[in-house]
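Subject: Structure handover

Dear colleague,

Here is the structure for your files. My notes on it follow below.

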Amino acid sequence: MRHGFTRRRGDAEDLSHAKAQRRQDGVFAAKPPSISNVTASGNDPDYEWLRPLGVFAPLRRTILLFFSASPRLRVKPLLCALLALLPASALADTLIDNVNGITVDRNGTVTRFEGIVIGDDGHVVQLVEPGERAPRAEFRENMRGRTVIPGLIDAHLHVMELGLSQLVVDLSGTRSLAEAQAAIRAFAEANPERPWIVGRGWNQELWGLGRFPNTAELDAAVSDRPVWLQRVDGHAGWANTRALESARVTAMTSDPAGGRIERKPGGREPAGVLVDAAMALIEKEVPAPRANDRDLALYKAQELLVANGVTAVADMGTSLEDWMTFRRAGDAGRLQVRIMAYAASVEAMSLIGGSGPTRWLYDDRLRMGGLKLYHDGALGSRGALLKQPYADDPGNRGLERLTGTQLRNLMSRAAMENYQVAIHAIGDAANAEALSAIDELSADYTGDRRWRIEHAQVVDPADIPRFGQHGIIASMQPAHQPSDRAMAEARLGPQRLAGAYAWRSIHASGAPLAFGSDAPVEAPDPLAGMAAAISREDAQGQPPGGWHPEETVSIEEALAAYTAGAAYAGFAEGHFGRLAVGERADFVVLDTDPLEADAPALRRIRVLETWIGGQRAYGGATRGERAADAPGR
Ligand SMILES: [Zn+2]
């Protein structure tokens, strides 16, 4: 049984087609079955034997060189016999030649190269150094001097939400309430069979509304069916009257712990928006996507990711349904992008992993390695837990989604079985509490834990040095900064901005950085993220010179945080993240060298091709554009 992605969707079993295709592609795209039967356990004896391909490579190259130099010689039969003795796969090296190659280690130290030799099992066999003569290989792909960087890794996103967001009404481009209402109405008319209209992406800040939208405004768009629309940050939802009725949310309903029902002025009638934990009141009524909806969503997400040069992701909050979707794709040979999964709950963690993290499945494409915990909410919906009240909402300090005790208990539960812990912490109080909890648990749970703090968005400058302790990883999303700038200033006031989106200071404390997009909150576009990281300007170049530019990082550091750093953050180093011998040959072909680009140029760079495990997953014949920058929160 074949596992792993085979270059083109839907023809995993069709080797004859694959062989014909590989001639067009100029690469050996399909693996012979003999080497492809890497089982889910990843320790097939055949596979282990072939792993040190480097041992075969010199002999193989010598033979090929001799062979090609003397096409008519009588030794040909002898050579053929010799070749037959070698494993068939050992002949199928691919040389990616004539590249402006760049790879970085976790510290951002750059190594340049001019070619990559890829073994048939999709690992890097050799990097051709500048000036070094390229070895012969059976297949050669001439990149004509274009730039090649390691496959980009998004260290924090939500795979299924990204995919499902492609299948529902998308309000992220809307600039006014009226525009959103028109989009919702049009979607409902185009989808008459859907019992619920669901969607996401609205942002009252971008509408210039100055308040949340209400039920009547949604009824005006659709009133015959329930409608439920998540805010862009996923921390609030907007319901119409039908949706509130079906969930029986009334004036009598009290706010659940960790959540808030917005009320009409001067009373208790629900106003239409439900924040954080209150969202579950409606969401339990929304029909769950069917398995084939989920499969389609995953494929949509993958398409979007590879078009942006993303070859691996950390999925932050994997449910059992999500995991089964990943497994169905893996079993069908359609899992392209590598997924480092963090369970959405202890229940999901235990059901998926049992008494510890899973192994790497499907040729390093899937692993459940940790647990995602939410300590607070988000800044936009005033759910982030702050030490002092919101500047624009006196008396509100945000929402504690887990108490300090609950947080520690869940962290222990995961750590005792060697799962990695990733804590969502946005507000300064949440970050302080997460740091304290890690500090306390580190006494019992020693060793290489790589505690992760997700977002680390607003940190009291007094707490920043604590990031440098216990090997804590700061998993941050550069694109949030330009998107949030105006909102963050309003929520926090000027005093608390010093420790907001403080990439450089947190990195300087000793914490390894891992960068991501939090897609679908932001577009899964690492190059736009790098542009924000080095400039702290938005896509329009605002503000000129950058917002608190003292917190920029270098382009090398940004690239590292999107490659080797993001791999390290998921215990994936040695598997992927760098272009280095023995790692998976995941790389991206760009039209411009990112190390030579300023922020506007980074945003303009085109991803020409994306390769995963030595196979082209995007580009070549078909060209697409990267997703446009999503509007912010
Ligand atoms: Zn997230």
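Which exposed residues does the face of α14 turned away from its buried side carry? They are T405 and N409, where exposed means over 50% relative accessible area, buried under 20%, and partly exposed in between (1.4 Å probe, protein chains only).

Before the rest, some ground rules. This is a predicted model, in which local features need pLDDT of at least 70 and side-chain atom pairs count only at pLDDT 80 or more, while totals for chains, interfaces and linings use all residues. Residues are numbered from 1 along each chain as its sequence is written, and side-chain values use heavy atoms, with hydrogens and water left out. Helices (H or I, at least four residues) and strands (E, at least two) are DSSP runs, numbered from the N terminus.

Helix α14
The helix spans residues 404-415. Its buried residues are G404, L407, R408, M411, S412, A414 and A415. They lie on the same side of α14 because they cover an arc of only 165° around the axis, the arc being that of the directions from the helix axis to the C-beta atoms. These buried residues pack against α13 (346-353), β17 (366-374), β18 (420-425) and α15 (428-441).

Nonpolar cores
A nonpolar core is a set of buried Ala, Val, Leu, Ile, Met, Phe, Trp, Tyr and Cys residues joined through side-chain atoms within 4.5 Å. The largest has 107 residues, of which L379, M411, F467 and F515 touch the most other members. Leaving aside neighbours within four places in sequence, the contacts of F515 (heavy atoms within 4.5 Å) include I153, M476, W503 and Y562. A second, separate core has 21 residues, among them L177 and W238.

Zinc site
H156 (NE2), H158 (NE2) and D518 (OD) coordinate the zinc ion at 2.1 to 2.2 Å. Donors are N, O and S atoms within 2.8 Å of the metal (3.2 Å for Na, K and Ca); water is not among the atoms, so sites may look incomplete. In sequence the donor residues follow the spacing H-x1-H-x359-D.

Strand β4
From strand β4 (residues 115-118), G115 and V117 point one way and I116 and I118 the other, and all are buried. Strand β1 (residues 94-97) runs antiparallel to β4, joined by 3 bridges; strands pair if DSSP finds at least two bridges between them. I96 stands opposite I116.

Regards

Conventions. Expected span 1.5 Å × (residues − 1).
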